[in-house]
Amino acid sequence: MKDFLGVLQLLKRFGIYVYTGNRKDDIDMVQSEVKDLYDNGLLMKEDYLKAVLILRSEASKM
């Protein structure tokens, strides 16, 4: 997982597809989904932290 697309691929492994047509809304929704997966014990801490850093980086580019 190296970029936003990698985070989306991670979510696809869990059957979660995110596309709203608005980049900012996509990032917000992906952040929420990643947090939910981590809170429910489905995502390892390392993957969660990496995804959060990538999403924050993407959000700062907006």
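1. Basis. Local features of this predicted model need pLDDT of at least 70, side-chain atom pairs count only at pLDDT 80 or more, and totals for chains, interfaces and linings use all residues. Residues are numbered from 1 along each chain as its sequence is written, and side-chain values use heavy atoms, with hydrogens and water left out.

2. Fold and dimensions. The protein has three helices and zero strands (DSSP runs, H or I of at least four residues for helices and E of at least two for strands, numbered from the N terminus). Its radius of gyration, taken over C-alpha atoms, is 11 Å, which agrees with the value near 11 Å for a compact globule of 62 residues (the rule being 2.2 Å times the number of residues to the power 0.38).

3. Helix α3. Spanning residues 45-60, α3 reaches 23 Å from its first C-alpha to its last, close to the expected 22 Å (1.5 Å times one less than its number of residues). Tyr48, Ala51, Val52, Ile54, Leu55 and Glu58 of α3 are buried (under 20% relative accessible area, 1.4 Å probe, protein chains only), and their cover includes α1 (4-12) and α2 (23-39).

4. Core. The largest nonpolar core has 17 residues, and among those touching the most other members are Phe4, Val30 and Leu55 (such a core is a set of buried Ala, Val, Leu, Ile, Met, Phe, Trp, Tyr and Cys residues joined through side-chain atoms within 4.5 Å). Two or more residues come from each of α1, α2 and α3.

5. Valine 30. Leaving aside neighbours within four places in sequence, valine 30 is in contact with Phe4, Val7, Leu8, Leu11, Val18 and Leu55 (heavy atoms within 4.5 Å).

Definitions and conventions: Buried < 20%, exposed > 50% of the residue type's maximum accessible area, 1.4 Å probe, protein only.
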